Amino acid sequence: MTGSARKGPDENLADLSAQWLNPKRSTSVGLMLHWRLYLFSVSKSEVSTQEATWSLDQTRITYRGTCISMEEITKLYNGTYERARAILDRDLLLGMDHLPRMQASKLKDSSHIKSTGWWFGKHEENSDLLHGADRSVMDFILSKQELYDQFVDQDGSWRAQAARLYETHLQEFLECMVVLAQLLPPLRGTEILSLTWKNTASLRGILLQYEQVMLLTTYHKSMSTMGRTKTNARFLLPSKVGGLLLDYLVYALPFRSHLEYAVYHRQPCPYLWNKAGKIWPSEHVTRSLKKACSRSEVQELTESSWRQMSSAIIKCKFDLGSIDALDPSNSNPYSLEESETASTLISLSNHSAGTHQRAYANTTGLRHAGAWDGLISASYSACASWSDFFRFGSVGKAETVKEESGVESRKRSASTLQVEEEQPIRKRLALSRPAPKPDSAQLLEEARRMYGDPDLKWRSPEQESALLAIVAGDVEVMAILPTGAGKSLLFQLPCALAGARVTVLVVPLVAVKLDLILRSTALGIDCEEWRPGSESRARLVVMSVESAVSESGRSYLLDLVTKGELARVVIDECHLIITASSYRKAFDELHLLRLLGDVQFVYLTATLPPSMKDRLIKAHSLTRLNLIRSNTRRPAIEYSIRRLQTSPTSFLTSLSALIPDVWGKSERDGSDQAMLFVRSRRTAEQLAGLLSCHYYHSGTEDKARIINAWKAGLRGPFIVGTSGLGTGLDYASVRLVVHVEEPYSLIDFAQESGRAGRAGRDGQKAESLIVILAGGGSQPAPPQSDLEDFSAMREFISTTGCRRAVLSRYMDGLEEVPSCLASEVPCQGCSAKEAPKAPDAYVRHVHAPVTPTQVDTRRSRVVPPTPITPTTQAQGPDSSRSRHLATLRKDDLLEDQYRQGLDVLVDQCVLCRVTGSASFVHTFATCQSEYCQDYMRARGMTLSNTRKQWLPPYVVCFKCYHPQELCNVLSLGPGSVKPPCVSPDQVMQCVFGYYQTVVGCACLLRMAGNGFATPVEALTWLGQAAKLGQMTCIKANLVLLHLIQSL
């Protein structure tokens, strides 16, 4: 037997490890370990690529699309404290005003006691002060009949519903507390959430030190991989913030623990931030921070962005020599500078400062937690400096803050947030005088130079008015001009003026973006497409919608704003903000650009009905809007409908024979072209094959090449496409537009048929033809469509009168024009009946500034243009940003009400509860009531009538019908383990039951504007897309919110 064989298992394992796991050996694992050590050393010398930008006066910081001022951080902290105090007093302590408030200065703690379950509440010296405190809430409930009835059931047990509601309020309080703790230089989510309020196997994380509440964590991100712990101590300052936590621990937490055991048979969880006995997931920290920002009307922060920004604040505003104690990853805790006297005294004992700190007696009693006096005292000093800098707990003016410990902080006013150079900067800015704005004649002269056409004229008074408003600097401008009316000039010409700053153009489609770049470059405008990472300062920067709302895109825009280089943001085809938001989320998020501040916003479209205009105004908080609207009637287009007598299977074949026939009946020259719009990509490819022409849809590769080939006539005059072909592109020679099958939207139809309107500028007739299958019947509205828009399209198809009048009434609000005008090509309805032509005087142009109380004034009355006057600027900086933050706050409050209401409706048959049944403590699956059977019958018929397209896709969960952001399954995102849905079919059950009551029926009647003949009609309406705050939802969710508010 060899020597190695005689060794024991431990010795053999040690030999193998030395041979194979040694970074100095050329083994596979050894090389990996060697490179690991090398990369560790390299990473310490690398400088972060993350950038934070400060404003000129050093009071506002921008990081990756998020911009916040120092005063807003103070506002966030103070607002969160006030909310936490209100929740604690009103909802957790139930309005008890006789309870003594806890103060750290009056309580004792012993950090050396390691007993499991021990906390300062068990300290013998606190027994007199805390006597009976753990029963205070319970005794108060039992003494008040109203509270007793709310919390206690007839059999003497605690009501589960009351327990859930109390837990909901308690979670709100904890969300506020985690925000207050994280508004110090923040820890990672997993680190701050590791706090325990009582001892476990390790020391608790909430202690009393220096007569303040101290939060002590030892968990660090390296613990899971390397087993290392790092101590971090922070103090909740001012002391009244720590007092909130003490009141919660002493009064509210014992009652919560009692409810958890009595109702759910759970033992109290030692973690401070827990729900249902489980520690919060780390993403809950970011969610809490976002909610707090919304309530305080400051821009949204995340855990990651706040960690980066707080680091930049420390570097800019604090002495770097004093911050080591706040850094949990500091590998050299002895780098704190010692005073000369202390250093000399230490040296007299013949040991180093590190040995002095670690190996000799500490007075804090935290040896087993890895803390020592130097760390604790430095942490307290640093936290006090941070709290004093931001005036946490102040009322917003210069004052002296005095803590209960007797330590007086220095006076601080808002001026300390400004650098010494601020005043000279302001003086320099004040000395610069803006250049005078060009008048109409000067603008026209510049346009003639740009186009090389000395005879160029404005295409309409509205084009001229809109351009003057933009150049004059009106903060919010919306121009609704018909196709071919020169909307592109509204952003191209300002870029060509002397001294022009950057104009950012947001476009909806790739083809539109490429077309605009080519056309703008041809006019001599410095124009570039923005890509992630670009810092372009071209005069015209073109961005897609997705790029504009991305984190990198908003960061780029904020950088332009901070440096004063952004002139305006132009949103092209702005009607898509309303019509496309249900299936393209980026349009729904465009409102985030309004947080840029008082930057000029220009909205351009050819198709925005008056009924949708108000929704856009609300979505983007437009309160200083200068609206320029021209009627969108296309006088050169003949509107007609043809019904093909054929079978569904041969419809496309018959259509392919009809189109060339229609094309050949009119005189055409070699440059004339036609566009055919279809509903699906498959139909586009099939019809293009029958016509031997190009097709265009979202899946088409090299879209620019297809468009250019069609324009050049390489495969004939026809092109077949889906809706993307009809938005924004300039096709000057289109004479015929064909819609295959009934369009779903009159807005889309007006946009797409308007492609032929460009050709009408030369005085020649153009045609818009809808071809449908004879006897095919009416198609149901798709779930993502707007019902009013779909109904208007249906009226356009079915009318026997003037189709142009139907289009004009919906798109422009022109009620007085009953038929085609004398100067217009008659539509099919007017030609067939030879209807009398209305005089041209009926059609006027609309132009007037819009005020919040005037948004509906032009729907039934048309007025002539009025002279442009610059919009009065709102008082104060960033007023647009503040207004939009206020709007977002209201929306978030609605979302919060909805979330909180869901907790009340769990574990019960909501159908029985809403309809007033005596017993509803059972599941819907076991319900035997007639309402349950009626609901299931109506639901089945609704699914059948809508061909299983009852609900819009990607909006709500198809099991519970809650918005996807709120569903406990879909909100987890891809890759997560999916739990079962906690409330299947809850929304529709509840709303259907509500509909059966008198109050609920009246509510639906008021919201829908009309009654429902059958429950199926009601359910169909409830399944339509809607908005709950900023969340896309269905109308049933809005009715449920109304019900929650009433409950």
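Histidine 265 counts as exposed, at 63% relative accessibility (exposed is over 50% relative accessible area, buried under 20% and partly exposed in between, with a 1.4 Å probe and protein chains only). This is a predicted model, so local features need pLDDT of at least 70 and side-chain atom pairs count only at pLDDT 80 or more, while totals for chains, interfaces and linings use all residues. Residues are numbered from 1 along each chain as its sequence is written, and side-chain values use heavy atoms, with hydrogens and water left out.

**Backbone**
- Histidine 265 has a positive phi of about 60° although it is not a glycine, and lies in the loop between α10 and β7 (274-275); helices (H or I, at least four residues) and strands (E, at least two) are DSSP runs, numbered from the N terminus.
- Serine 692, also not a glycine, has a positive phi of about 55°.
- Its loop runs between α27 (681-691) and β18 (694-696), and serine 692 is partly exposed, with a relative accessible area of 44%.
- Leucine 237 and proline 238 are joined by a cis peptide bond with omega of about -5°; proline 238 is in the loop between β6 (232-235) and α10.

**Aromatic rings**
- Rings of Phe, Tyr and Trp (its six-membered ring) pair if their centres lie within 6.5 Å, and planes under 30 degrees apart count as stacked, over 60 as edge-to-face and the rest as tilted.
- By this rule there are 25 aromatic pairs.
- One of them is the edge-to-face pair of phenylalanine 151 and tryptophan 158, with 6.5 Å centre to centre and 80° between the planes; both residues are buried.
- Phenylalanine 389 and phenylalanine 390 also pair edge-to-face, at 4.8 Å centre to centre and 80° between the planes.
- Phenylalanine 389 is buried with a relative accessible area of 6%, and phenylalanine 390 is buried with 0%.
- Ring pairs link Tyr77, Trp306, Trp386, Phe389, Phe390 and Phe392 into a cluster.

**Helices**
- The axes of α3 (residues 70-92) and α11 (residues 283-296) come within 9 Å and cross at roughly 100°; axes are lines fitted to C-alpha atoms, for helices over the stretch in contact, with angles from 0 to 180 degrees between N-to-C directions.
- In α5 (residues 136-143), the buried residues include Val137, Met138 and Phe140.
- What covers the buried residues of α5 includes α3 and α6 (145-151), where contact means heavy atoms within 4.5 Å.
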